[in-house]
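This briefing is for a reader meeting the structure for the first time. It covers helix packing, salt bridges and a surface patch.

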Amino acid sequence: MPSAPLLLSQAFNGLALGTLLALVASGLTIILGTLGVLNFAHGALFMLGAYAMYVVTAQTGSFFLGILVGAAFMLVVGVVLERGLIRLFYGRPHEDQILVTFGAGIVIVEGVRALFGANTQSVPTPSWGQGIVQLGFLFYPTYRLELIGIVAALLFVLYLILYRTSIGLVVRAGIEDARMVGILGINVRRSFLLVFALGVVAAGVSGMLYAPIVSVEPDMGSSFLVEAFVVIVIGGLGSYPGAVVGGLIAGEIISITSAFNSAYSEVMLYAVMALLLVLRPQGLFGSEGRV
Amino acid sequence: MSTSLLEVEAINSFYGDSHILFDVSLTVGRNEVVALLGRNGAGKTTTLRTIMGVLAPRSGAIRLDGKPIGGLAPFQIARRGLQLVPEERAIFGQLTVEENLRLAALTAPNAWSLDRVYEFFPRLRERRRSGGRQLSGGEQQMLAIARALIRDAQVILLDEPFEGLAPLIVRDLVRVSRELAAQGRTILVVEQNVVAALSFADRVYVLNNGHMVWEGRPAELRADPALMKAHLGI
């Protein structure tokens, strides 16, 4: 039986991982919900964000600049990808969409490998995230603690965009019934560009924030992609609250299980997903008969 | 008729390979209420969907106020003042009543105020914070029509507005439809409930197996039991 401080520390790790998974998964889920496209390139875009952060911090040493330049870069990537590729596949069968996004993911991963090599790179922890904080009887790395706050703030911004703006209204309606949104005079395709770009930026920024606490390498996104899929299945396809709650649940399951036996953390995650699919196939926040 | 606001001329529509509409033509004059009747599967809903641009006609022409709209996307057609209120109502269940209305108003140049819509449907004001999925069938139909009103749609295509509703609510909606017509709105209504539809229509078309088979006044149709039996099964 693991000690109480270890369990507590793992619970915090779960929170850090969970909020990040929530951010990655929310991009995935609003793209799926609105565009109907399952974006298999999402993990590669997460990785691309981490590399953007690596390049900027290596050149300038500024983490803050890394976020700004990185987010702008991801926005451009998102727009180019949607206009140049994804858009051509909206009317196509799901198999085609999966193949094309999967292919785009491979191209991005191999492109990064060709440019930077297969070696792992490291991104330094920003100056304001150095050291450890004492939380009662637990010592916890400062950056990880700050990460929880930063990602929570980003999730809140995403919430405001989705629930307090006209664009968000169109996106939420589009997730339910894109055809009816068009019948009400709204050019849904135009909002598709925005949704896709927003999802790509969310994935990229997650990678940037995560970069200092993991080794940055070309394949780092693949496990995140799979976990993000599990998150949106748990939360309900196309549901933003589902992505957030699902992310937190998945993060805690992985981290707490690791405290007992790390080999079982993923197994436990799939077991919970399987159980949920039996009891509530539409996911926690999903509506029946959708997607 | 030079005052026709909506003209449909010999359209042919398909679902995949199956031919649904055969050279269907109709006109709806300004301020006119026209009912499109027919049995199940006669092609009524397909006609409305084709006019709205949800389904592209393979041939034929559709004009709104003299300008061709065939081949345009639904959102472009909606912005020209034509609004389909679909049979399934298509209320956004995750959005509140008020959000449904605000969404509909987004791209309308002369959108009504929420208050004006609520005066028309006081029940919706009471329910404005309720989620769309919590509404009763009658309330959903009110909201579906209200979304067309808030856009200030000039031509409203009503697809089976009374389907599955209690007689009392149907009577209420018929009253609303009459009021809309009296205000000078142009309505093309598809209905299985022939009696209700005839009670407020100026003119009637009858579709059968994708062919337009009859056109006339409600009184003429009522006076012709053989026709009613042959094409409407009444």
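In this predicted model, helix H5 (residues 142-164) of chain A packs with helix H9 (residues 240-261) of chain A at an angle of about 165 degrees. The axes of the two helices are 11 Å apart.

**Helix packing in chain A**

- Two packed helices are described by the angle between their axes and the distance between the axes.
- Angles over 145 degrees count as roughly antiparallel, and H5(A) and H9(A) are therefore roughly antiparallel to each other.
- The crossing in which H5(A) passes H9(A) is left-handed.

**Salt bridges: the total and a pair in chain A**

- Over all chains, a search of the whole structure finds 19 salt bridges.
- One of them joins Asp96(A) and Arg92(A), whose closest N and O atoms are 3.0 Å apart.
- Asp96(A) has a relative accessible area of 22% and is partly exposed.
- Arg92(A) also counts as partly exposed, at 41% relative accessibility.

**Salt bridges in chain B**

- Arg128(B) and Glu98(B) meet through their side chains in a salt bridge, with an N to O distance of 3.9 Å.
- This pair links distant parts of the chain, as Arg128(B) and Glu98(B) are 30 residues apart.
- Arg128(B) sits in the loop between helix H5 (122-126) and helix H6 (137-150) of chain B, while Glu98(B) belongs to helix H3 (residues 97-105) of chain B.
- With 30% relative accessibility, Arg128(B) counts as partly exposed.
- Another salt bridge forms between Arg123(B) and Glu126(B), with the closest N and O atoms 2.5 Å apart.
- Both Arg123(B) and Glu126(B) lie in helix H5 of chain B, where they are three residues apart, about one turn of the helix.
- Arg123(B) and Glu126(B) are part of one network, in which salt bridges that share partners also join Arg127(B) and Glu139(B).
- Glu126(B) is exposed because its relative accessible area is 58%, and the cut-off for exposed is over 50%.
- Arg123(B), at 34% relative accessibility, counts as partly exposed.

**Nonpolar surface patch in chain A**

- Four residues, Phe64(A), Leu65(A), Leu68(A) and Val69(A), form a nonpolar patch on the surface.
- Together they have about 390 Å² of accessible area.
- Phe64(A), one of the patch residues, is found in helix H3 (residues 63-84) of chain A.
- Phe64(A) counts as exposed, at 60% relative accessibility.

Terms used. Residues numbered from 1 in each chain as written. Chains lettered and ligands numbered in written order. Predicted model: local features only at pLDDT ≥ 70, side-chain atom pairs only at ≥ 80, totals over all residues. Heavy atoms only, no water. Patch = residues over 30% accessible without salt bridge, like charges linked within 9 Å, V, L, I, M, F, W, Y side chains within 5 Å. Areas by Shrake-Rupley, 256 points an atom, 1.4 Å probe, with all protein chains shown as cover. Helix = DSSP H or I, 4+ residues; strand = E, 2+ residues; numbered from the N terminus. Buried < 20%, exposed > 50% of the residue type's maximum accessible area, 1.4 Å probe, protein only. Axes fitted to C-alpha atoms, helices over the stretch in contact; angles between N-to-C directions. Parallel < 35°, antiparallel > 145°, perpendicular 65-115°, else oblique. Left-handed = near helix turned anticlockwise from the far one by under 90°.
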